[in-house]
Amino acid sequence: MSEVDTVANELDFKLVVSKKGKHRPKLRSKTQTSLQQLGDKTRADRTEFCQKTVLTQLQQAEADLLQSEFLRECLDNIEPILAGIEHIICLGLGNFLDCTIARYQLAFFRCIRYKANLTVKGQFFDPVFTQPEVDALQALGETVLPENLEGKYSVERKTLFFLPHCPKQIVNNLLWKNWHPNRLTNVVLLCNSFSTVVNNNPDRILRINASYILRAARLFQEVPLRNIFRFGDIFNDTSLHHLPNGHTENEHIDWDCTIEPSYEPDDLELISKKKVAKLEFA
């Protein structure tokens, strides 16, 4: 039985547990207490229903992927590179409760981890996650990170970053934070193709909002994931990027220029901490 099956079965059990025999606390206002209990029960039932729904949909997506030629080919190409991964961080997944693309990307992450025998929890963050999505990830045993670091994670151990269709500014920030030959070798990126970003944008624009991607494209080895899945808009333009041994010795790479990236305030791609704060207090 898979992990998703186990959690789904547990939720099924919870939904039919009898409430009889519980001690009813004595409160001053029975009407107020009854309304409060009804509201609490409604919220709890809604949360469990959302979790059960997303777990069922996730089961279906995982089954679909596990029998696909797309996943088999991906594993043949990237599994050796994933050996030794100690941490997995997923950013920008999106609302997988409502969005089929995000749900399949989550299923892909879990299938790759399972098939590659990576025994580490995923660490997730997306400022658009709803509470039911946070609850669902935690029910699956994953970790939801509390803070929007805008991709600025420094790593000392080999880490897979899964950034499905993430804004290039997030990738750029991540590269900046690890722009040192001893740290960058620990970064493995499963994200939009560096080659596509570089080939589809003028250098003058990339120097402003993706300068580290521009430099990394000359350094990282890119393994494209051939887009042969039955849905063409889920894994399109996705590649695994890694640094083979010795690539940090490239004499044309400037390791000393480590200026922190900055972006225009009206940049529509990046959901920054400031944007989130404005939304919370609007």
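Trainee: How many aromatic pairs does the structure hold?

Mentor: This is a predicted model, and the structure holds 16 aromatic pairs.

Trainee: How is a pair of aromatic rings described?

Mentor: A pair of aromatic rings is described by two things, the distance of the centres and the angle of the planes. Take Trp179 and Trp255: the ring centres are 5.1 Å apart and the planes stand at 35 degrees, so this pair is tilted. Planes under 30 degrees apart would count as stacked, and planes over 60 as edge-to-face.

Trainee: Where do Trp179 and Trp255 lie?

Mentor: Trp179 is in the loop between α6 (168–177) and α7 (181–184), while Trp255 is in the loop between β7 and α11 (273–281). The pair therefore ties together parts that are 76 residues apart in sequence.

Trainee: In what order do the strands of the sheet stand?

Mentor: The open sheet has seven strands, ordered β3-β2-β1-β4-β5-β7-β6, with mixed pairing. At the edges are β3 (143–144) and β6 (221–224); each has a single partner strand, so one side of each lacks a neighbour in the sheet.

Trainee: In which sense do β5 and β7 pair, parallel or antiparallel?

Mentor: Strand β5 (residues 187–192) and strand β7 (residues 238–242) are antiparallel, joined over four bridges. Asn192 is found opposite Thr238 in β7.

Trainee: Which strands do helices α3 and α4 lie across?

Mentor: Helix α3 (residues 69–82) lies across β4 (159–163), β5, β6 and β7, and runs at about 30 degrees to β7. Helix α4 (residues 100–115) lies across β1 (87–91), β2 (122–125), β4 and β5, and runs at about 160 degrees to β2.

Trainee: At what angle do the axes of α3 and α4 cross?

Mentor: The two axes cross at roughly 60 degrees and come within 10 Å. That makes α3 oblique to α4. The crossing of α3 past α4 is right-handed.

Trainee: Which residues make the contact?

Mentor: From α3 come Phe70, Leu71, Cys74, Leu75, Ile78, Glu79 and Leu82, and from α4 come Phe108, Cys111, Ile112 and Lys115. Sorted by class, the contact of α3 with α4 has nine nonpolar residues, two charged residues and no polar ones.

Terms used. Residues numbered from 1 in each chain as written. Predicted model: local features only at pLDDT ≥ 70, side-chain atom pairs only at ≥ 80, totals over all residues. Heavy atoms only, no water. Pairing = 2+ DSSP bridges. Helix = DSSP H or I, 4+ residues; strand = E, 2+ residues; numbered from the N terminus. Contact = heavy atoms within 4.5 Å. Axes fitted to C-alpha atoms, helices over the stretch in contact; angles between N-to-C directions. Parallel < 35°, antiparallel > 145°, perpendicular 65-115°, else oblique. Left-handed = near helix turned anticlockwise from the far one by under 90°. Nonpolar A, V, L, I, M, F, W, Y, C, P; charged D, E, K, R; others polar. Phe/Tyr/Trp six-rings, centres within 6.5 Å; stacked < 30°, edge-to-face > 60°.
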